[in-house]
Amino acid sequence: MLSERSPQLVGRAPAFLQALTLIERMARYDAPVLIVGETGTGKELAARAIHYESERRDAPFVPLNCGAVPETLIESELFGCERGAFTDARQARSGLIAAAEGGTLFLDELDSLPLRAQVSLLRFLQDFRYRPVGGTRECCGDVRVVAAASPRLHELLETGAFRDDLAFRLNVLLLEMPPLRDRPGDARVLAEYFIARHARQHALPPRALAPGCVDWIARYAWPGNVRELDNRVQRALMLSDGDELDLRPCATNSISATGAPRSDGAVSAGDLRAFNDARDEAMLHFERSYLEQLMHSAHGNVTHAARLAGKERRALGKLLKKHGLERDAFDSPN
Amino acid sequence: MCEDAGTRRRRAESAILAHLARHPLAADTEQGIAQWWLGSKGVDVPLDDVRQALEALLHDGRIERATLPDGRAIYRAPRSGGP
């Protein structure tokens, strides 16, 4: 069973078990995969599970965050370049497709891929042939492409900012990683798993979840999903004592001093985390704070709120659901 | 019984080398190595120890690092060319 080989894939909820079943099946075939899901749902973990369960497991797994590479460099980084292809190309260099030869190239944040690079990637996926930037020789790449995108990909497809032919080419196999709020019971299972794991790794005494926070864990919307839960467990373990562990914000006020982003967005050197994690967390704080103010201003009227925010009603509804914000919780004018 | 950091690091080093001996073409980031090369074999150590194990192996020339354009790096058995 997949979860036995990958102890990271933890959960019992039907939506999660269905995703595991799909991962197992997708590992058997060599077609491109598109993984969609909110931040923190485990898209990279799923991509690795597909790779390490596949026939390509003995070869490289090369991940690339498309959003972290300058638009002008992404093609040369993927396909390599010949000497003199551009000002800084002092010598020929192979790219990530060559680095992943025989294995899997994981393109994270695919929705950030510039249009020009989308065309190049589409061309590559058609016959797995490519030309390094500035070169004429044709190369052949034996890689499986697994891509991941946020739910914003749907909006980009609707507005034409993302090529639908590339999306069609990639989503031969489509995997949706469910948000934690759609995995009833899993937040507690995961919290207990992370507590045991981090306590063991950091040689801390084992601790149980405080009974008072069990209900809160089940009710909280977990907008940052599994990553948020993991971070919350780690902070609580390190910043509190006792036999029981309480993950509620009220129980861990001291946590905000190191965990939550400062209003000016800065972090001290001791608090530095991976850029993407810090950015995602700051984004979640912004979203929640914005949505709360918006819904107060609109007195809980979602249609009016969507108009005020300049968003489609459906998209706003999804965001509210992601943060567990109910329209009834906001004052009605009457 | 709790292991000290040195023991954990050496255990991680051995597991990485054992993985590369069986899969000489394998490559992954420190996260992937911790999760899949070590985790699936029951070597469950903190990421910091994996990082230090990789640094030590790199220093000894037992593995090589290729930096990725997004700032991360993959580790693999020594070979020529890059990334």
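Lys and Arg count as positive here, Asp and Glu as negative, while His and the chain ends are not counted. With that settled, I looked up the charges of chain B. There are 12 positive and 12 negative ones, and their mean positions lie 4 Å apart. I keep in mind throughout that this is a predicted model.

**Entry: overall build of chain B**

I looked up the secondary structure next. Chain B holds three helices and three strands. Along the sequence the pattern reads α-β-α-α-β-β. The radius of gyration is 12 Å, close to the 12 Å that the globule rule gives for 83 residues, so chain B is as compact as a globular protein of that length. I also took the spans along the principal axes. The C-alpha trace covers about 45 × 25 × 25 Å.

**Entry: inside and outside**

I asked what share of the 83 residues in chain B is buried. The figure is 48%.

In which order do the three strands of the open sheet in chain B stand? I found 1-3-2, with antiparallel pairing. Strand 1 (27-28) and strand 2 (64-67) of chain B are at the edges and have a single partner strand each, so one side of each lacks a neighbour in the sheet.

I went through the pairings in turn. Strand 1 and strand 3 of chain B are antiparallel, over two bridges. There, B:Ala27 has B:Arg76 of strand 3 as its bridge partner. Strand 2 and strand 3 (residues 73-76) of chain B are also joined in the antiparallel sense, over four bridges. In this pairing B:Arg65 is bridged to B:Tyr75. B:Ala66 stands opposite B:Ile74.

**Entry: strand faces and the hairpin**

I compared the two faces of strand 2 of chain B. B:Glu64 and B:Ala66 form the covered face. B:Arg65 and B:Thr67 form the uncovered one. Strand 3 of chain B is covered on both faces. B:Ala73 and B:Tyr75 are buried on one side, B:Ile74 and B:Arg76 on the other.

I then looked at the turn of the hairpin made by strands 2 and 3 of chain B. Five residues lie between the strands. In this hairpin B:Gly71 takes a positive phi near 100 degrees.

**Entry: B:Asp44**

Where is B:Asp44 found? I located B:Asp44 in the loop between helix 2 (30-38) and helix 3 (47-59) of chain B.

I checked what touches B:Asp44, leaving aside neighbours within four places in sequence. The contacts are A:Arg197, A:Arg200 and A:Gln201. I also looked up the distance to B:Arg8, which is 36 residues away along the chain. The C-alpha atoms of B:Asp44 and B:Arg8 are separated by 9.0 Å.

Conventions: Residues numbered from 1 in each chain as written. Chains lettered and ligands numbered in written order. Predicted model: local features only at pLDDT ≥ 70, side-chain atom pairs only at ≥ 80, totals over all residues. Heavy atoms only, no water. Rg over C-alpha atoms; globule rule 2.2 N^0.38 Å. Buried < 20%, exposed > 50% of the residue type's maximum accessible area, 1.4 Å probe, protein only. Charge placed at Lys NZ, Arg CZ, Asp CG, Glu CD. Pairing = 2+ DSSP bridges. Contact = heavy atoms within 4.5 Å.
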